[in-house]
Amino acid sequence: MIELYLTSGLMMMLAVYCIAMKPNLIKKIIGLAIFTDAIHLLLITIGFRGNGIPPIMTHENVNTFAQLSVDPVPQALVLTSIVISISITALALGISIIAYRHFNTLNTEEMNRLKG
Amino acid sequence: MITIAISVLFLAAFLVLVLKKDMIAISAIVFSFFFLIFIYLAPETMVFAFSGWNPPFGIVWVLDGLGLFMALLITGIMSLTAIYSVKYIKKRKHRYYTLLCLLTIGLLGISLTGDIFNMYVFFELMSVSSYALVAFLLNKESTEAAFKYLVVGSLSSSFLLLGIAMLYGLAGTLNMADLATKVYGGPAFLVVLGLILGGLSLKSAIVPFHFWLPDVHPAAPSPVSALLSSVIVGSGVYMMIRVIFTVFGIVSVFWMLILLGLVTMILGGLMALIQKDAKRLIAYSTVSQIGYIFVAIGIGTSLGVTAGLFHLLNNILLKSLLFMSFGIVLWHTGTRDMNRLGGIGKQMPWVAFCFGVGALGTAGVPPLNGFASKWLIYMATWQVSPVITAIAIIVSAITMAYYIKVFSCIFMGHSNIKIVNKTPKMMLIPVIIITIMCIVIGIFPQIGIMFVEPATNALLNQSQYINAVLGGSVI
Amino acid sequence: MFENWTLFIGSFMGFILLGFLIYLIGNRSFRPEGKKGETYTCGEPFQKVSVTSDNFYQAIIESMGLNRLRDVHTGNLSDYVIWMVVGIVMIVIMVLVI
């Protein structure tokens with residue numbers, strides 16, 4: 001359990017390093033995807049219960065189900081968040097295609113006409 | 001019942017692309033404005049639970065004073081912008097109106113919801129629509145501004161999601177009223193508050209996070225600039241004050257807000273003196289006014305919060321006025337460079353008058369609305385410390401200085417450019433409507449304060465919110 | 001404070017109007033004599049110019065060192081992301097401490 005939290009924290013730090021330090025635009029978008037995946041891992045781990053069953057209710061008693069299963073709310077939050085992250089990644093890749101057509105480079109240090 | 005407005009907007013966003021008629025979108029946004037006026041006139045706080053799941057377990061929408069105040073302003077400005085963009089946007093208009101409808105849905109959802117993850121989802125909807133709207137013109141600067149905004153915007157909303165995830169782990173619920181009963185001021189909750197505020201500060205344009213605003217404004221088309229600077233930044237401020245006052249109760253972050261607000265005021269004002277591009281200058285002016293709002297709200301007393309919310313109202317009106325009237329100048333001349341624009345005032349006297357009203361209002365000159373809210377801010381900060389009032393007055397003088405620069409560089413002097421077309425009426429009417437509203441609120445500020453009172457009461461009474469959601473009757 | 005606001009606005013507008021009336025009366029009682037000469041500026045014919053924004057507040061900007069403030073905003077995305085992360089860390093620390 002604790003190793004999952006540590007993995008999530010490590011992934012977040014690596015993703016922030018990637019977004020801040022790498023000048024290529026595609027690498028920054030990959031960093032964004034890794035950061036959101038780390039948060040999804042954290043969310044699912046929050047709802048974890050040792051020796052739990054998946055939160056799918058078959059024909060059982062509600063009380064025993066509620067005491068055995070893992071928490072379904074973070075799983076719903078993660079599903080929503082995966083959809084949001086996909087739409088942001090798609091938009092980002094679309095904008096980077098158009099940026100490559102205009103600037104002929106994907107290096108963000110050369111794409112700074114707006115400054116000051 | 002509130003879902004009528006949202007579902008009409010969703011339907012309009014889809015039908016505009018299919019049927020290829022813009023009137024569907026404009027009429028949907030105007031309909032939602034009138035629908036919200038109708039709901040605003042209802043006397044008590046309404047709580048709407050989706051699918052019959054009652055408040056601690058399901059998603060609720062709470063129509064209290066603060067949410068309705070923001071929602072009314074948002075739909076009002078969006079309908080004026082939708083009318084303004086009929087003649088302004090020339091290419092790919094149907095996709096523009098779809099994005100505008102989605103932006104309205106996102107903003108309405110943020111203002112009216114009572115569940116913190118629902119607020120995050122609508123915040124992302126609003127953000128993605130605004131990334132696409134900034135990149136709308138698809139030329140070099142728009143693309144650069146859009147990917148800069150996208151990368152930092154999604155990084156900051158990931159920090160917001162991290163804060164919400166940790167909050168769920170600590171408290172076990174996502175409903176804002178239920179969280180208000182379970183949150184106390186321990187160190188874990190303070191770290192969560194810090195992460196959530198840090199994630200939301202980018203949309204509110206506070207100082208280390210203000211850099212996207214001046215890059216995005218020249219690149220976006222003018223009606224989108226008007227929306228970005230007035231309503232999107234306003235909803236960032238709304239989310240921060242909702243989290244601080246309603247969810248976390250009176251936790252002492254007030255000195256942090258006052259400090260950040262002071263630095264933001266000063267930096268926005270100083271950077272605006274240097275600019276050569278008119279839209280970047282007005283964008284830095286927005287940063288400076290947001291600093292005023294945070295200083296006023298950070299005071300924490302009833303007078304301070306009233307002053308802050310009144311200044312937010314005035315900022316929304318004045319900034320959309322400034323960007324829309326500058327958009328008329330840009331539509332005629334095609335350039336934003338203040339070295340080449342000059343002497344337009346003789347050829348467009350009405351537009352110059354409206355821009356002048358906006359500039360004087362933001363600088364805080366008496367018969368206009370900016371003076372009323374700035375006077376309230378001075379009175380509120382005087383009770384805490386006169387140093388803050390002194391800094392606010394000095395920044396007001398700097399504001400007047402750079403507005404003199406903008407106005408005389410664009411509208412006065414000898415003109416090099418000849419205006420040949422006539423300004424279309426659909427572009428001039430929203431500008432004149434907002435000018436009249438600014439002058440009326442300036443001469444009778446009681447109207448503005450009467451409009452802001454329910455919002456202040458709703459913000460400062462956390463227990464009234466909790467009782468309305470968890471105890472009261474649910475529709 | 002806003003009880004006698006209409007009195008305040010009314011007197012403000014009244015004073016502006018009074019000043020304008022005095023200006024008009026002063027203009028009427030002045031009739032220049034002779035023919036109108038050309039404007040003379042340092043020996044050259046008069047040119048119509050407009051203000052450029054490059055040197056509008058140049059002295060103030062250079063004396064307060066605002067050009068260095070402009071150079072800090074470099075325009076690189078990487079610098080801005082570093083500002084953002086440092087800003088978030090500072091906000092978390094400030095919420096914990098203050």
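Trainee: How many residues does each side bring to the contact between chain B and chain C?

Mentor: It's a predicted model, keep that in mind. Chain B puts in 59 residues and chain C 37 residues. Together the two chains bury about 4,400 Å², with 79% of that on carbon and sulfur atoms.

Trainee: Which elements of chain B give two or more residues to the side that touches chain C?

Mentor: Among them are α6 (140-171), α11 (254-272) and α16 (386-411) of chain B. The top contributor is α8(B), with ten residues.

Trainee: And what is the make-up of that side of chain B, by nonpolar, polar and charged residues?

Mentor: It splits into 42 nonpolar, 13 polar and four charged residues. Between chain B and chain C, the count of salt bridges is zero, while three residue pairs are in polar contact, both partners at pLDDT 80 or more.

Trainee: Switching to chain A: why is T108(A) called buried?

Mentor: Its relative accessibility is 1%, and the label needs a value under 20%. So T108(A) counts as buried.

Trainee: Where does T108(A) lie, and what does it touch?

Mentor: T108(A) is in the segment after α4 (72-103) of chain A. Leaving out residues up to four places away in sequence, T108(A) touches P23(A), L25(A) and K28(A), plus F147(B), and N76(C), L77(C) and S78(C).

Trainee: What does the domain assignment give for chain C?

Mentor: Domain 1 (1-30) and domain 2 (51-98). Their centres, taken over C-alpha atoms, are 43 Å apart.

Notes:
Residues numbered from 1 in each chain as written. Chains lettered and ligands numbered in written order. Predicted model: local features only at pLDDT ≥ 70, side-chain atom pairs only at ≥ 80, totals over all residues. Heavy atoms only, no water. Contact = heavy atoms within 4.5 Å. Buried area = accessible area lost by both parts, 1.4 Å probe. Salt bridge = Lys/Arg side-chain N within 4 Å of Asp/Glu carboxyl O. Polar contact = N/O pair within 3.5 Å; in protein donor to acceptor, adjacent residues only side chain to side chain. Helix = DSSP H or I, 4+ residues; strand = E, 2+ residues; numbered from the N terminus. Nonpolar A, V, L, I, M, F, W, Y, C, P; charged D, E, K, R; others polar. Domains from an automatic or database assignment. Buried < 20%, exposed > 50% of the residue type's maximum accessible area, 1.4 Å probe, protein only.
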